[in-house]
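Have the sequence and the 3D view ready, and follow along one piece at a time.

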Amino acid sequence: MSGSRTPVSGLTWLPAHRFFHELSPRARMVLSQLPLTATMVLVAGIVLVFHPALLRDPVFEAGLMLHALMFILAWVIPWQRFPPAASLAVPILDFIPAGLIRESGVETIPALGAMAVLPVVWLTSSQLYPRFGLLMSFVGPLLMVWVPLVLKGSVSGEAYSVVVLLPVLMFATGFAVHTLSSSRDHQQHTVEEARRQLQAALESSARKERLVNTVVDAVGVGVLALDAAGNSTLRNQQQKRNFALAYPAPASGKDPEVHVYGRGGKELLVPEMRPERRAANGEDFSDYLVWIGENGKQRVFSTSARAIRDDGRFDGSVVTFTDVTALVEAMTAKDAFLSNVTHELRAPLTSILGYTEVLTSRDDLPGDAGVMLQVIQRNGQRLQRLVADLLTAASGSVDVRPEPADLAEVIGFSLATAVPLAGAAGVNLVNESDPEVPALIDTTRMGQVLDNLLSNAIKYSPDGGKVTVRAGATAEGVFCSVTDTGIGMRQEELKELFTKFFRSETARKSGIPGIGLGLAITKTIVENHGGSIRCTSTPGHGSTFTVTIPAIR
């Protein structure tokens, strides 16, 4: 029994037990007492109509008056001030008026003893003190029928045996009610616990959803989530702006327009190539560039998608849209700057080298002029190579025209060219290549690769040492490696080794000249041959660059 009243709304829709427990303690007491009261009224009515003489029986009258007093007490007593167990006093006392009425009218109406079932049901269904309730479900009816026999002074065994059945039946009824009530309470407890857990799970899920939505809206990246059917299930604020840019609201009477482009923002993408459609088809991709918006207002986005899978089954996808407009514009401006500057440098360099060559061919130069001209020519050629590298980097592509050739011969030419540089640096060049290495290569471009690798190997061996070139054929193709005994690199530096303008920390600190374009160009040339290049290195013990080219088919 609760000590406080909970407001009730929509009572007609509540299950009976929930409706009962929503009532105040006083209302619950009155409602529990009402069935016996109604039965008493019905008995009084039957007696009035069919057995009026019984109404004059003082025992019958005492039973009715005593029950009326019990009903009034149930109504007026402030039960919320008492412990819940106090409510059990009412059904226990109910056995007294029920016993009086039965005793006075049992000869006339034999069924009056059945009224004992109502306090029995109350006691055994309350679940306050289950064992006590079961005990009273037997003792109460037993006293209700045996006490009158004792008071009359009857000692006949037959008289006692006739009424022994009622307490047994009441106890059996109480036990059944107790069992059903316990089962109901257990089920109710289970249901309530499940309901609380479900409510907690829903609240937790709602909190997490709010957190996810807040985080997703806070990032500056467009986020789009799709279900297995390709329908949008989540689109953050940034992506809503991107969507409005790609699919602006059409003017009245016009068809909707789509502004999603590829190839530098000039070519309208077909639906199958748009990021969201590719993601809906289960594709995973990264750094897929698209141009969104009308011409003149376009933004460039790097898009990536990852499929969501449930036991291997496609269950949706998440697509991100990162605005890289500023980066693309910067890269374009950088490439344009490099291209313009290198073109402007090429013409005067060609003139300088041309006149230097003319001067070095004369016989009437002063004694030290020839040496000075060689210095000018050597540095001019070096500057010319840098200009060529910048032009190649700015163009972003290298033209490669492979044809059958002997890689060993190309290696020989490159080694011969590197001899003066190696001699000046005190580096010993060693060729351990096979005599013939047939390959499908562009000899000019592959010579450029070897020149870059040999130049670096010599340059990064400032204290002399040895540079070894190996080449040969395998079942998969041909390989060529250049190994030096120079300064080497750390493992973390190898990850960025082939990116444009990268130079290792050791190289920068040592003052060795370079701009970090040679290896990036070398990688491009090798990959355009269909091959690959890798490097292994140990700080202080040198590096090995290995080029692998596919076999001739």
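Which residue lies over the face of Phe285? That's Arg278, at 4.3 Å from the ring centre.

## Before we go on

This is a predicted model, where local features need pLDDT of at least 70, side-chain atom pairs count only at pLDDT 80 or more, and totals for chains, interfaces and linings use all residues. Residues are numbered from 1 along each chain as its sequence is written, and side-chain values use heavy atoms, leaving out hydrogens and water.

## Rings and charges

(A charge sits over a ring if NZ of Lys or CZ of Arg is within 6 Å of the ring centre and within 35 degrees of the ring normal.)

(Rings of Phe, Tyr and Trp, taking its six-membered ring, pair if their centres lie within 6.5 Å; planes under 30 degrees apart count as stacked, over 60 as edge-to-face and the rest as tilted.) Both residues belong to helix H3 (residues 58-76), sitting 4 residues apart, or about one turn of the helix. (Helices, H or I with at least four residues, and strands, E with at least two, are DSSP runs numbered from the N terminus.)

## Two helices side by side

Now find helix H2 (residues 25-50) and helix H4 (residues 89-105), which pack at an angle of about 0° with their axes 12 Å apart. (Axes are lines fitted to C-alpha atoms, for helices over the stretch in contact, and angles run from 0 to 180 degrees between N-to-C directions.) H2 and H4 are therefore roughly parallel to each other, a label for angles under 35 degrees.

H2 brings Met29, Gln33, Leu36, Met40 and Val43 to the contact, while H4 brings Val90, Asp94, Pro97, Ala98 and Ile101. (Contact means heavy atoms within 4.5 Å.)

## The sheet

Next up are 7 strands in an open sheet, ordered E2-E1-E7-E6-E5-E3-E4, with antiparallel pairing. (Two strands pair if DSSP finds at least two bridges between them.) At the edges, strand E2 (232-235) and strand E4 (267-268) each pair on one side only.

E1 and E2 form a hairpin with 5 residues between them, and Gly230 in the turn has a positive phi of about 90°. Across this pairing, Ala225 stands opposite Leu234 in E2. Strand E1 (residues 222-226) also pairs with strand E7 (residues 313-323) over 5 bridges, and there Val223 faces Thr320.

Conventions. Parallel < 35°, antiparallel > 145°, perpendicular 65-115°, else oblique.
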